[in-house]
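This report describes selected local features of a protein chain.

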Amino acid sequence: MTVSFALSPEQEQLKKVARQFAEAHLRDLAEAVRTEPDPARRADLARPVFEKAVAAGFLKGLIPVPFGGAAGSGVDAAILIEEWAAHSPDFVISLAGPLIALVPVYQAGTPEQIARFVAPFLADSGAPVAAMAYSEPGGSANFDAPAPAEGVRTTAEPDGDHYVINGRKAWASHLPGWDGDGPDVMTVVCRAPGGVSLIVAERAHLAGHLEVEHRYDLPALRGCLTARIRLRDVRVPRANLLGAEGQGVDLTRNAFIGSGASIGTFSVAAMRQAFAVAHRFATTEHRGGPVPIIAHQAVADALAGAKARIEAIRLLSWRALDAALSGDPHGLEWALHAKVLGSETAVEVINQLIQVVGVSAYDNDFPLKRYLDEALAYPVIEGSNIGVRRRQMQALLTGSGYDPLAASGMA
C-alpha cells in the first residue's frame, strides 16, 4: 500500500466542518472562559457549546464503530483535535472524557456492560460526560506499587452483591460532573481484595456520595472542570467490575495510550497558534527600524526552526494516534514519543517565539503567553513525562527482545 500524507476528500471535509464549529463556538467560549474568575462558572460556560457538539454528532465520533459510534481513523482524530484545540483545548479535554474512561470497557467489558456504559455517549442531545478516576491527591505515578508502598489508596470493599468504594481522586476533568453529583460514567481505579481493579460507577451510584473538596484554578486549560473529590461509601454492583479483580493495572495503562498520543496534537495546536502570532508580528513590526524584523537573519532563523519542529510533531502525532486507535502492537511506543517529544517541543518552540516578539509578549494582554501556559500543562498531564512516560519508555527499551526498528516497520 502506498504511504501518502495527503488528506483524503473526507478528511478535508472533516477539517472544514471542525474549523467552522471552532470558529463559530469555541473562539468566543475561550474568550469568555479566560475572563471568568470562578472555576465552577467557567466550566458551566461550556455546557451550551457541549450540547451543540453532541447534537452535531461529534461525541458519537469519539466512540468506535463496533460499539455503536462513528469514530474514524487516528488521523481523523488528530484533525479534529488540532482544529478545536487551536481555540479551546480545555473544551476538547472535557468532551473527550469517554476516550479514556471507556477504553477499559471496550477491552474487558461484557457485551451487557459495553451496551450499558456506552449508551449515554451515543445520545443526540444533552451533555453526557465521563471521567477516568485514576489520579489521587498524593500522586499516582506508583499506583501499581506493591506493599509496603501505598500504591492506589482508593478501596473497594465487597459487601454482598456490591462493592463499597471510599477514597479521594483528583485532576481528571469532570470528576464532579456538571452539578457535583458525578459524571454519567466514572471508571474508578481502586484496590479490591484481589488487587488493583477497575469498577464503573454510574451517576445513580455517585449522587449523594461524592464530595467536591476543591476546584483547581488552572493557569491555562481554565475551562476544564478539574477538581479534587472524595468518594464516600459509593455502593456499586459487583457486576460493574471490569474483567477480574487485579486486572486494573494493565487496563489503566492501556486506557492512557490514546490520550498520550493526543498530547502531541494538543501541542501542535498551541504551537500553530503561537507561530501565527509571532509570524504576523515579525512581518508587520519594524520596532523602530527601517524594515520588518523578519528581515533580520536571527528572527527568520528562529521562525524557520519553529515551523520545522511544528510540522515534525504534527506528522509524529498523526502516526501515533493512528497506531494507538488502530490497535497497532507498537502503539504505546508511538504514543510515548508523541507525548514526551511533542509536549516538550511545544514549550521550547513557544518560548523561542516569545523571544522573537520580545518583551511585548510578556503581557497577558498580548496573544502569545496564553499558548505557553497551555503548553506548560502538556508535559505533566495524561501521565507526567518524568513520573510516568519516560519510565514506560525505559521499560520498553530494557524489555527482552526489544527491536529499535520494529515500531517504524523497518525491522
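Where is His174 found? In this predicted model, His174 occupies the loop between β3 and β4 (185-192). Its relative accessible area is 2%, and because buried means under 20%, His174 is classed as buried. The backbone of His174 has a positive phi of about 65 degrees, although the residue is not a glycine.

Trp171 belongs to strand β3 (residues 162-173). Trp171 is likewise not a glycine, yet has a positive phi, of about 80 degrees. With 44% relative accessibility, Trp171 is partly exposed. As background, most residues other than glycine have a negative phi.

## Helix α3 and its buried face

Helix α3 spans residues 47-55, and its buried residues are Val49, Phe50, Ala53 and Val54. Viewed down the axis of α3, these buried residues fall within an arc of 145 degrees, so they line one face of the helix.

What do the buried residues of α3 pack against? Their partners are α1 (9-35), α4 (74-85) and α5 (89-95). Just after α3 comes Gly57, with a positive phi of about 90 degrees.

## Packing of α4 with α12

Two packed helices are described by the angle between their axes and the distance between the axes. For α4 and helix α12 (residues 297-326), the angle is about 130 degrees and the axes are 7 Å apart. The two helices, α4 and α12, are therefore oblique to each other. The crossing of α4 past α12 is right-handed.

Which residues bring the two helices together? From α4, Gly74, Val75, Ala77, Ala78, Ile81 and Glu82 take part, and they meet Arg314, Trp318, Leu321, Asp322 and Leu325 of α12. Sorted by class, the contact of α4 with α12 comprises seven nonpolar, one polar and three charged residues.

His87 is placed in the loop between α4 and α5. Is His87 buried or exposed? A relative accessible area of 17% makes His87 buried, because the cut-off for that class is under 20%.

Leaving aside residues up to four places away in sequence, His87 touches Ala22, Glu23, Leu26, Arg27, Ala30 and Gln273.

Technical notes: Residues are numbered from 1 along each chain as its sequence is written. This is a predicted model: local features need pLDDT of at least 70, side-chain atom pairs count only at pLDDT 80 or more; totals for chains, interfaces and linings use all residues. Side-chain values use heavy atoms; hydrogens and water are left out. Buried means under 20% relative accessible area, exposed over 50%, partly exposed in between (1.4 Å probe, protein chains only). Helices (H or I, at least four residues) and strands (E, at least two) are DSSP runs, numbered from the N terminus. The arc is that of the directions from the helix axis to the C-beta atoms. Contact means heavy atoms within 4.5 Å. Axes are lines fitted to C-alpha atoms, for helices over the stretch in contact, and angles run from 0 to 180 degrees between N-to-C directions. Angles under 35 degrees count as roughly parallel, over 145 as roughly antiparallel, 65 to 115 as roughly perpendicular and the rest as oblique. A crossing is left-handed if the near helix is turned anticlockwise from the far one by less than a right angle, and right-handed if clockwise. Ala, Val, Leu, Ile, Met, Phe, Trp, Tyr, Cys and Pro count as nonpolar, Asp, Glu, Lys and Arg as charged, and the others, Gly among them, as polar.
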